[in-house]
Amino acid sequence: MKRMFEHQTYNEREETPLEKAVGEKWAEGEILLKHLPRKDGQSDAFFPMLDDAIFVGHVVTDLDSIAGAIGAAHLYGGAPARASEINTETEFALNLWGVDLPPPVEELLAATPDRNVCLVDFQQQSQLNKAIPMGNIVGVIDHHALQSNTIVTEKPIFVDIRPWGCMSSIIAHSFAVQERYLPKNIAGMLLSAILSDTLNLKSPTTTAWDERVAAMLVQYLGVDDINELAATQFRAKSRALSLMTPYSLVNGDMKQFKFTGADDSYTVAYSVIETTDAEASLARVLDILPEMRAVKADDPSVHAMLLAVVDIVNLTSTLVICGRVEASLAVAAYGGSIEADGHLLRLPGLVSRKKDFIPPLTKAVKDGWQPPRLSTDGTLNKSTSMTDIPHSEVIVTPEGKLVRADD
């Protein structure tokens with residue numbers, strides 16, 4: 001089979017890492033492709049607990065959780081849902097591939113409160129939509145580590161957790177091995193999610209299976225230029241970032257993690273901004289810092305709030321520091337020295353929250369890190385940064401932006 005992305009424009013320039021990764025796994029992707037039926041039909045797969053279940057991802061919804069919910073719902077005969085409002089990258093992909101936005105999970109559960117639920121792209125309680133009863137959960141499809149705050153069920157459930165770079169890779173692979181028909185628009189969503197979650201197959205979390213599945217989907221969809229598809233998707237995301245409010249930048253891709261040490265446990269909120277123009281995001285640090293502090297003020301269970309600006313072109317990151325607890329934790333976990341009046345820590349070569357950012361925090365807490373204490377001489381040494389916190393209500397503007405009421 002002729003590779004669909006081999007055409008004149010590629011012969012005029014050097015092959016990109018994305019094209020190289022897809023090209024190297026082209027033959028293996030072609031083998032997987034043979035298992036995808038060309039038309040809809042019956043399947044021998046038998047997972048009764050997933051039949052008519054709601055498939056839903058984590059709060060602070062991203063592209064992988066939406067694409068995976070859509071794909072898994074079609075694969076197993078259920079209904080997709082969203083746990084929160086979508087980001088601009090997800091909106092771009094839905095429009096590109098002509099897929100409807102899944103309804104809020106609250107609506108589906110309000111109609112049928114005892115309906116089964118399968119979680120996709122997560123299994124942490126802190127990332128669970130509060131409308132989902134733990135007793136309704138009958139399945140988990142994920143690619144993240146099992147940590148101390150994992151969901152707890154009273155009965156055995158369906159579990160498909162693989163150490164792959166993207167949950168949508170798992171779903172696409174399952175379509176092939178179960179020989180289920182995969183609609184082209186859903187295949188497109190899964191491919192976009194793989195490109196997003198693996199940073200164009202360049203993230204350290206990327207596995208050979210992500211590359212094989214991407215190669216399969218490129219052939220299945222007849223994508224002429226995989227590099228242009230990825231570039232267009234990330235350009236759309238970066239353009240949208242420039243228009244986002246500080247509140248949206250901080251809360252748009254935030255997850256909470258619980259770390260347990262010898263004597264205590266700590267909850268860390270960790271936001272990520274992935275962009276092709278990191279300097280533009282870093283230029284807004286002084287606007288971002290108050291919203292980071294607001295996360296801690298609004299949720300007393302959060303001990304630290306970190307935000308990483310990920311440069312997806314140069315594969316490097318910069319950590320934004322909003323207070324002395326964060327500074328102490330960041331240096332303990334990553335080393336280095338804090339710059340820009342105590343606000344920035346360079347993280348060269350680190351780009352993945354799952355593989356690069358979280359494991360060092362886990363180790364630092366296990367090794368005995370503790371938050372800085374107040375002085376023992378009766379004076380308060382609490383950082384004055386916590387006085388710079390927005391307190392006004394978050395509202396939606398007529399243009400659909402999330403802003404503070406007094407902005």
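Which residues in H14 meet residues in H15? Select both helices: Leu329, Ala332, Ala333 and Tyr334 in H14 meet Asp356, Phe357, Pro360, Leu361 and Ala364 in H15, where contact means heavy atoms within 4.5 Å. The residues of this contact divide into eight nonpolar, no polar and one charged; Ala, Val, Leu, Ile, Met, Phe, Trp, Tyr, Cys and Pro count as nonpolar, Asp, Glu, Lys and Arg as charged, and the others, Gly among them, as polar.

Before continuing, please note that this is a predicted model, in which local features need pLDDT of at least 70, side-chain atom pairs count only at pLDDT 80 or more, and totals for chains, interfaces and linings use all residues. Residues are numbered from 1 along each chain as its sequence is written, and side-chain values use heavy atoms, with hydrogens and water left out.

**The whole chain**

Helices (H or I, at least four residues) and strands (E, at least two) are DSSP runs, numbered from the N terminus. Of the 407 residues, 55% count as buried, that is, under 20% relative accessible area, with exposed meaning over 50% and partly exposed in between (1.4 Å probe, protein chains only). Among contacts in the chain with a separation of 6 or more, 68% come from residues 24 or more positions apart.

**The two helices**

Return to residues 324-334 (H14) and residues 353-366 (H15), whose axes are 8 Å apart and which pack at an angle of about 100 degrees. Axes are lines fitted to C-alpha atoms, for helices over the stretch in contact, and angles run from 0 to 180 degrees between N-to-C directions. H14 is therefore roughly perpendicular to H15; under 35 degrees counts as roughly parallel, over 145 as roughly antiparallel, 65 to 115 as roughly perpendicular and the rest as oblique.

Next, select Val325, Glu326, Ala327, Leu329, Ala330, Ala333 and Tyr334, which are buried in H14. The buried residues of H14 pack against S7, helix H13 (285-298), S8, S9, S10 and H15. Just after H14, glycine 335 takes a positive phi of about 75 degrees.

Two strands pair if DSSP finds at least two bridges between them. Strands of a sheet pair through backbone hydrogen bonds, either parallel or antiparallel.

- S6 and S7 pair in the antiparallel sense over seven bridges, and a hairpin joins them through four residues. Lysine 258 stands opposite threonine 267 in S7.
- S7 and S8 run parallel and are joined by eight bridges. Threonine 275 stands opposite aspartate 311 in S8.
- S8 and S9 pair in the antiparallel sense over six bridges. Leucine 306 has isoleucine 321 in S9 as its bridge partner.
- S9 (residues 316-321) and S10 run antiparallel, joined by four bridges. Threonine 318 stands opposite arginine 346 in S10.

Is S7 largely enclosed or left open? In S7, 10 of the 11 residues are buried, so this strand is largely enclosed by the rest of the structure. S9 is mostly covered, with five of its six residues buried. In the hairpin of S8 and S9, which has four residues between the strands, select leucine 315, where a positive phi near 55 degrees is found.

Move to the loop between S3 (117-120) and S4 (137-142), where glutamine 124 is found. This residue counts as buried because its relative accessibility is 3%. Display its neighbours: glutamine 124 touches Ala145, Gln147, Asn149 and Thr150, not counting residues up to four places away in sequence. Its side chain makes a polar contact with the side chain of threonine 150 (3.3 Å). A polar contact is a pair of N or O atoms within 3.5 Å; within protein, one must be able to donate a hydrogen and the other to accept it, and residues adjacent in sequence count only if both atoms are side-chain atoms.
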